[in-house]
Amino acid sequence: MNIENVKKLKELKLPSMANYYQDFSSSPDFLALDFDQKLSILLDYEMTSRANKKAALLVKQANFKIKPDISTIDYEPERNLKRDVVLDLASCTWVSKYKNVIISGATGTGKTYLASSLGYRACLLHYKVAYIRVPRLLMDINISKTDGSYNKLMSKYKKVDLLILDDFGLVKMTAAETRDFLELIEDRYSLKSCMIISQLPFVNWYDIFFDPTLADAIMDRLNTTSYKIDLKGPSKRKNKVDDID
């Protein structure tokens with residue numbers, strides 16, 4: 001009976017439940033349970049296994065360039081980063097409300113690590129996340145215009161629950177890049193969330209865009225929907241801490 005049940009569970013595509021049943025169905029503790037209790041344990045095991053696999057896949061698809069650990073974030077006063085703010089953001093309610101997060105600070109202050117930690121948390125909560133550096137994003141968009149994949153690429157970034165844009169504002173955008181960036185922000189406005197990481201303070205972002213009118217449109221959409229964090233302090237790289245920009 002045990003062998004047949006395991007076989008049937010696997011045929012029904014319930015492998016985790018099958019493995020648990022195979023390992024523990026003959027144990028005294030398991031046999032002492034009534035039917036509903038046994039069924040509940042098996043179902044919980046299968047659901048937990050599926051949730052963990054989904055989260056692992058979402059983390060892989062997010063394409064983080066580092067492996068973050070939110071428990072290692074430094075809250076020294078000089079960093080201008082409060083634990084309660086990070087813990088609140090780690091709940092990801094802002095993602096469910098289609099809000100944005102803007103993280104600014106000098107090179108090495110841990111912007112990317114903080115953003116990736118929050119993005120990782122979103123994956124664990126089964127939000128679809130994509131991480132990309134803005135220079136690479138703009139290059140991909142430019143290429144897509146020549147090979148006919150522009151709509152497909154923009155649709156891809158429109159659909160993810162959280163889009164993390166790193167290294168924003170390294171160079172001033174051209175007119176075309178400014179229009180493309182506005183298109184991206186407009187597509188996601190009040191529908192999905194963004195996290196934007198920049199060395200420049202938010203008030204200086206106007207200078208990044210080619211056209212002042214388009215800059216106003218972008219800044220207005222971001223300013224009214226964003227939580228802002230401005231990291232301070234010395235470079236974490238110099239201290240050889242795994243909390244990188």
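Q: Which residue is the bridge partner of Ile102 in strand 4?
A: In strand 4, Ile102 has Ile196 as its bridge partner. This is a predicted model, where local features need pLDDT of at least 70, side-chain atom pairs count only at pLDDT 80 or more, and totals for chains, interfaces and linings use all residues. Residues are numbered from 1 along each chain as its sequence is written, and side-chain values use heavy atoms, with hydrogens and water left out.

Q: What makes strand 1 and strand 4 a pair?
A: Two strands pair if DSSP finds at least two bridges between them. Strand 1 (residues 100-105) is joined to strand 4 by 4 bridges, so the pair qualifies, and the two run parallel. Strands themselves are DSSP runs (E, at least two residues), as helices are (H or I, at least four), both numbered from the N terminus.

Q: How do you know which strands are the edges of the open sheet?
A: The sheet has 5 strands in the order 2-3-4-1-5, with parallel pairing. Strand 2 and strand 5 (226-231) each pair on one side only, and these are the edge strands.

Q: What makes strand 3 mostly covered?
A: Buried means under 20% relative accessible area (exposed is over 50%, partly exposed in between; 1.4 Å probe, protein chains only). In strand 3 (residues 162-168), 7 of 7 residues are buried.

Q: How is strand 3 joined to strand 2 and to strand 4?
A: Strand 2 (residues 129-133) and strand 3 run parallel and share 5 bridges, with Leu165 the partner of Ile132.

Q: Why is the crossover from strand 3 to strand 4 called right-handed?
A: The chain goes from strand 3 through helix 10 (residues 175-188) to strand 4. This β-α-β crossover is called right-handed because, with the strands pointing away from the viewer, the path from the first strand over the helix to the second runs clockwise.
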